[in-house]
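Here are some friendly notes to read beside the structure. Take the points in order, with the viewer open.

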Amino acid sequence: MTNGWVDIKNTDMMLIMGGNPAENHPCGFKWAIEAKRTRNAKMIVVDPRFTRTASVADLFCQIRAGSDIAFLGGVIHYALENHRIAKEYLLNYTNASFVVKDGFKLPEDGLYSGFDHATQTYDKSTWNYQEGGDLSGKAASAKSGSAQAAKPAAASSNGKPAPPPHLPENIAYDLTLQHPRCVYQLLRAQYSRYTPEMVERITGIPKDQFLKAADLFTSVRKDGDMKKAATIIYAVGWTQHSFGTQIIRAAAMLQLLLGNVGRAGGGVNALRGHSNIQGATDLAGIFDILPGYLKVPVPADTDFKTYLERITPKSSKPHVWDSWNYWSNTPKFAVSFLKAMYGDAATKQNDWAFHYLPKVDRNYSWTYIWDNMYRGIVKGIFAFGMNGVSIGPDSRKNIEALKKADWLVVGEIYPDETSEFWKSPGINADEMKKIQTTVYRLPCAGFAEKDGTFVNSARWLQWKNAALPLPGDARVDQEILARIFLKVRELYQKDGGKFPDAILHASWNYTNPLNPSLTEVAKEINGKALADLEDPVTKQQIKTGQQVPGYAWLKDDGTTSSGNWLYCGSFTEAGNLAARRGTEDPSGLGIYPNWGFSWPANRRVMYNRASCDPDGKPWDASRKQVWWNEAAGKWVGNDVPDFKADSHPKDHMGPFIMNPEGVGRLFVPLGAMADGPFPEHYEPIESPVDNPLHPQQSSNPVVKKFKTEADKYGTAKDYNIVCTTYRLTEHYHYWTKNNPMNVQLVPEPFIEVPAELADEMGIRGGEVLKVTSARATYQAKAMVTKRIKHMMIDGKKTYQIGIPIHWGYRGIAEDEGKTALTPANLLSPTVVDPNAFTPEFKGFLVKVEKA
Amino acid sequence: MSQATLRIQKISGHAGSVPGEDTQRGLTVCKLIDTTTCIGCKACEVACMEWNDLPFGETVFGNSYQTMPETRWNYWNLILFNEHERDDGTLMWLMRKNQCMHCAEPGCLAACPADGAIVQYTNGIVDFQQANCIGCGYCITGCPFDIPKMNPKNNRVFKCTLCTDRVSEGLEPACIKACPTGCLHFGTKEDMLDLAGKRAKQLRDHSNFPHAGVYDPPGVGGTGVIYVLHDATNPEIYGGLPKDPHIPFMVKLWKGPLKWLGNVAMVGGLIGLFVHYLRYGAKAREDEDINPGGAKS
């Protein structure tokens, strides 16, 4: 979240889309209700089904799963056409006025400039800003000049390969927004195709309903008024598509256009689906980042200097503006991270042990791991706190992969589908005997039996204590991991190995090495001074061994360590700030500065400089977050300013300090996105229609299908119904089906079927249905409902069905023989978003029959 | 249950004056359920079961998100889910937390012939005392909301106690405590009516619900559980919430003008019982926990 759960109470307008918070985040959803009750805030819900969230909405639109970009693009078009935009915000805080290189082409035919059909990738050199200065009002003469600027990217004269393109140091801009290639005009052109009629054809939302929603949402900027704020709230209904990241981009652009980012009650707010998913992401539970979102090294990073040069951005902006470019501090964060990892073994002489870090040579994301196991490349897997078979996609492929593995280690609190993959339906006794995988089941601790932090969607680190002792032989995760690690280290010590250094020299200074206390780990993540340090401005001193008070103290000379710079400040000499439970809220904005710790720097709303006008005065005096104090010569506020404290408003430093431009990106230059600088509507890989915008390029051009015999993809010819998957509030993933209380609330799996479809097929509620995709068949009882209606998609009558994901072949209902033992993700396709590599669980094709 | 601070206001089947009558009256307590902000998460259902130590029961799929068709003797708090199409074609998914309404004039209590089996405390809570229950089931007939249910194993009738054990200690009922959205409120009847009225007005003024209103039916003297409804003119759409509930005519007749007849019948019955005892002896008592709430007393 750019903002936070509690902050939602400050909003005037909510667009909830790609998420069902009443279902999946009922506790946090109280703040949405609070906004309705105390501010008369309006709630728009856009979803394939009329959900629990929709039941309390002011306006509901039923959308076809997978057509979100068309909807958001349509709202962007509506906002531009009706002047419902934050003009001053747009000019000063976004790249609307920046001029894009000549040669850049919009995807009228479905492709941006630079596409290579052979490799299915883009040459992104034209996805860049033009070098130059103030082109305001000089649109006519600009064309010829820019054509020259585009050329050097092609090849340099001395025969060497061209250096990778980088952002120009001095960006050309046109403050009149008239230049034909300024971002604003390109944006207008891009979304001029997303008319209400086109939105209706793609999404199935009737034009009048769409216009109602677009009018209501953009009404916060009616007549240019800047007081109101609107928020966008989403979850994995947006991420789980083969263009998921671009949906979120579209939301961010809409919020920038409306001037809603950085403001109380505004922002783009991702609701995380588990209590600590945010923490897992922050600590690099993903293959392509290190803790704190540092980029992971690749083989081309032959030394630390090369690595730092690649990952440290240089400031890029109009010369007359200022940009903090906070990521210019990357070397400090990276060296401190290496010091935390390898301690004294990391020295200036050995490049801070940079060579100990693995270099990522290919895609190691979730679906690729299972694909590699299926193809016999990955030989074993540790499955802790996740049920890989049930998660899918394509559970059958994952089961087949596990059959081929040498070993599987599962740390769980219940027997689950993964640890019992060899018992999955369809495997008979003979076949079971042939499975050679050795399965180790380790009894783990449940969440209430462990201490440590949860990091919630609002980026709050909240320490919790263990509520119960460990049952039986159960062990906490860190003990299991520590014992495995120390054993591996012992083997390296004894027997050597290809590359023992990274293991032998890893820092492991815990009081009990076999079971590190999470308090010690939390302190290590915060980091400490490795020498006496003094702040050059305030003269504040910290001594060797003391906890660093914040990331501004981190150094690139090896005198500090920090496991994750973003958590710096969470465990200082003042103690464990994540354990704080202060309920004071002096501003009434729900900031609660003394509750837990909100990264970064205990800041509750990110980019909050943008809550003020260019002069540093809050857009809305009743929701004052931060402001410029002329007398003190610095930024002050109720929240921690997300800005250079002493940067005077007249210096025009951009509020989006993590971008080298300092401004919010309507247009994303260069390689930040794999599939285009603007979001474009592409059809899901399995779609009922060809893309009405460009039938010849229907789906995302850079998305690659997997190629094993298990990877099958269906077409509308054989599979006529759109299917989406989701969770229920009564259950928690594949877990609570073992708990009688939850089972009583929803006893068995079901399939939500539109009443009209049920009538056509002669199905009644409770009858067992067979749902078949190109991969497999799923069976459960029908829940016939009016809450899903038919849609007209490009003139074609189309139905959607929905399947909750919770059941499989282990659990109370399963053991009692109440279900067909089919996990929902047997149906879902193995295809992923090209930016975040999230599988397309929402919006694939199936057919439905009576069982 | 701990009832030290609760004072009886009305009592079933009891001759003579109400114990403690005419002494100090407490404030009437009230639950407010705002159906317009209920998301049907069932936290109240779970809290009710856990606080009252209600045993798990089998449920079956019923083509709905609703846990079971109606409340049970051991399931006192049930959210009713109803899909409703408005005149303009838009859909509503109505969720109403259903439980004992704690009527000011309780039909169950009026119908009950057993001395002290149903009491109403001065704070308005209507509570069943299973130790005094004779299992006749008249309370079930007497309830216009179809709430009390009999445990077939011991012929005792059970329903929501409004968490008398919590309320008498100054706590809110368990369902209120668990509600994540704040659609449930607890306080004095006066305060709850005020809050409900304001919310209904807000819905009329700012949302598309011109008929929003408060459900506090006068036919049963008002209730200790009141609702804010999107459409107060049409409570039936919320899973059959009666528009104008009354104590059934036969109960009124039987407990009013015809009470003497019952007394004659009762004396006759007692004589019969005595004869039966002389002839067959005492009934062996089944030793089982009949009171699911007993563990918290």
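1. Helices (H or I, at least four residues) and strands (E, at least two) are DSSP runs, numbered from the N terminus. With that in hand, look at the open sheet of chain A whose three strands come in the order β10-β11-β12, with parallel pairing. Its edge strands are β10 (380–384) and β12 (438–443) of chain A, each of which pairs on one side only.

2. Please keep in mind what sort of model you have: it is predicted, local features need pLDDT of at least 70, side-chain atom pairs count only at pLDDT 80 or more, and totals for chains, interfaces and linings use all residues. Residues are numbered from 1 along each chain as its sequence is written, while chains are lettered from A and ligands numbered from 1 in the order in which they are written.

3. Back to the parallel sheet. Strand β11 (residues 407–412) of chain A is joined to β12(A) by six bridges, in the parallel sense.

4. Now compare a second open sheet of three strands in chain A, ordered β13-β14-β21, where the pairing is antiparallel. Here β13 (452–455) and β21 (597–598) of chain A are the edge strands, each pairing on one side only. Strand β14 (residues 460–464) of chain A runs antiparallel to β21(A), and two bridges join them. Which residue of β21(A) stands opposite A:Leu461? That residue is A:Phe597.

5. Next, some helix packing. Helix α3 (residues 68–81) of chain A packs on helix α8 (residues 207–218) of chain A at an angle of about 60 degrees, with the axes 10 Å apart. Axes are lines fitted to C-alpha atoms, for helices over the stretch in contact, and angles run from 0 to 180 degrees between N-to-C directions. Therefore α3(A) is oblique to α8(A); angles under 35 degrees count as roughly parallel, over 145 as roughly antiparallel, 65 to 115 as roughly perpendicular and the rest as oblique. The contact is made by A:Gly74, A:Val75, A:Tyr78 and A:Ala79 of α3(A) with A:Phe210, A:Ala214, A:Phe217 and A:Thr218 of α8(A) (contact: C-beta atoms, placed from the backbone, within 7 Å).

6. Helix α3(A) also packs on helix α7 (residues 196–203) of chain A, at an angle of about 165 degrees and with the axes 9 Å apart. The two are therefore roughly antiparallel. From α3(A), A:Ala70, A:Phe71 and A:Gly74 meet A:Pro196, A:Val199, A:Ile202 and A:Thr203 of α7(A).

7. The contact between the chains takes 29 residues from chain A and 26 residues from chain B. On the side of chain A that touches chain B, α2 (30–39), α21 (740–745) and β27 (777–785) each supply at least two residues.

8. Finally, step back to the whole of chain A. How many helices and strands does chain A have? Its secondary structure comes to 23 helices and 31 strands. Along the principal axes, the C-alpha atoms of chain A fill a box of roughly 75 × 70 × 65 Å.

Definitions and conventions. Pairing = 2+ DSSP bridges. Contact = placed C-beta atoms within 7 Å.
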